[in-house]
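Dear colleague,

Here is the structure I said I would pass on.

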Amino acid sequence: MLDKKVAELINTQINKEFYSAYLYLDFSNYFIETGLEGYASWFKIQAQEERDHALLFMQYMQNNGEKVTFEAVEKPEFEFKKPGDPLQATLEHEQYVTGLIHTIYEAAYSVKDFRTMQFLDWFVKEQGEEEKNAEDMIKKYKLFGEDPKGLYLIDSEMAARVYTAPSLVL
Ligand SMILES: [Fe+2]
């Protein structure tokens with residue numbers, strides 16, 4: 001069994017990860033509508049990764065004899081004016097998620113739950129990568145994306161991403 005606060009936070013995190021998946025599918029839909037299929041595909045894969053995160057948190061709870069309770073997944077509400085907007089929203093969302101992971105870490109640390117801290121280490125590192133990816137996408141978009149030919153090339157590059165299962169095994 002886990003500490004009550006730690007278990008509560010992880011249970012909430014499952015919902016947040018499913019929301020992240022929902023959010024990135026919403027962004028993917030925006031890119032489909034815009035005709036940028038490379039970005040659309042990239043965000044669809046991103047959504048799969050978020051679903052994987054949700055499943056990892058679920059599995060961790062269950063491995064520790066904790067009950068998983070699902071709540072409603074929030075509706076993503078965004079109005080994008082240009083393709084750079086969802087990229088900026090991605091960075092902001094990832095920074096928010098990093099904060100959530102750190103809050104769980106702090107709760108685990110305060111009750112000397114070293115096992116949960118070790119489990120969370122993977123997510124701490126993952127969040128660093130997510131923020132870096134978002135920053136790189138924004139940088140590239142600002143450099144080349146406002147020119148149609150440049151945007152076409154970036155979009156083709158984004159299409160190359162392939163799904164890989166998470167490296168964390170529970
Ligand atoms: Fe995630």
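This is a predicted model: local features need pLDDT of at least 70, side-chain atom pairs count only at pLDDT 80 or more; totals for chains, interfaces and linings use all residues.

Iron site

The iron ion has three protein donors: an OE atom of Glu17, an OE atom of Glu50 and ND1 of His53. They lie 2.1 to 2.2 Å from the iron ion. Along the sequence, the donor residues follow the spacing E-x32-E-x2-H. Glu17 belongs to helix α1, which covers residues 4–34, and His53 to helix α2, which covers residues 37–63, so this pair ties together parts that are 36 residues apart in sequence.

How accessible are Glu17 and His53? Glu17 has a relative accessibility of 1% and therefore counts as buried. His53, with a relative accessible area of 2%, is buried as well. Setting aside neighbours within four places in sequence, His53 is in contact with Glu17, Trp122, Phe123, Glu126 and Glu130.

What the record says

UniProt, in an unreviewed entry, carries the annotation "domain: Ferritin-like diiron" for residues 1–145. In the model this span is 81% helix and 0% strand, and its end C-alpha atoms lie 50 Å apart.

The UniProt feature "binding site", also from an unreviewed entry, is placed at Glu17, Glu50, His53, Glu94 and Gln127. These positions are spread over 111 residues of sequence, yet they cluster in space, with a largest C-alpha distance of 13.2 Å. Of these residues, His53 is included in the lining of the largest pocket. The protein donors of the iron ion in the model are Glu17, Glu50 and His53, so please read the annotated positions and the modelled donors side by side.

Largest pocket

The volume of the largest pocket is about 180 Å³. Its lining consists of 13 residues, and the closest to the pocket centre are Glu49, Glu126, Glu129, Glu130 and Arg161. Which helix gives the largest share of the lining? The answer is α4, with 5 residues. Both α2 and α4 supply at least two lining residues each.

Glu49, one of the residues closest to the pocket centre, sits in helix α2. With a relative accessible area of 16%, Glu49 falls under the 20% cut-off and is therefore buried. Apart from neighbours within four places in sequence, Glu49 is in contact with Glu126, Glu130 and Arg161.

Helix α5

Helix α5 runs over residues 148–158, and its buried residues include Gly150, Leu151, Ile154, Asp155 and Met158. These five cover an arc of only 135° around the axis, which puts them on the same side of α5. On the other side of α5, Lys149, Tyr152 and Leu153 are exposed. What covers the buried residues of α5 includes α2 and α4, the latter spanning residues 114–145.

Single residues

Lys112 is in the loop between α3, residues 84–110, and α4. With a relative accessible area of 61%, Lys112 is exposed.

Asn29 is in helix α1 and, at 44% relative accessibility, counts as partly exposed. Asn29 and Phe43 are 14 residues apart along the chain, and their C-alpha atoms are separated by 8.9 Å.

Asp136 lies in helix α4. Its relative accessibility is 30%, so Asp136 counts as partly exposed. Between Asp136 and Gln48 there are 20 Å in space, C-alpha to C-alpha, with the two residues 88 apart in sequence.

Regards

Terms used:
Residues are numbered from 1 along each chain as its sequence is written. Side-chain values use heavy atoms; hydrogens and water are left out. Donors are N, O and S atoms within 2.8 Å of the metal (3.2 Å for Na, K and Ca); water is not among the atoms, so sites may look incomplete. Helices (H or I, at least four residues) and strands (E, at least two) are DSSP runs, numbered from the N terminus. Buried means under 20% relative accessible area, exposed over 50%, partly exposed in between (1.4 Å probe, protein chains only). UniProt positions are given in the numbering used here, feature names are shortened, and annotations may be inferred rather than shown by experiment. Contact means heavy atoms within 4.5 Å. The arc is that of the directions from the helix axis to the C-beta atoms. On a 1 Å grid over the protein atoms alone, a cavity is a set of points where a 1.4 Å probe fits but cannot get out, and a pocket is an open set with protein on both sides within 12 Å along at least five of seven lines; lining residues have an atom within 4 Å of a point. Grid points are joined across faces, edges and corners, and a volume is the space filled by probe spheres set on the points.
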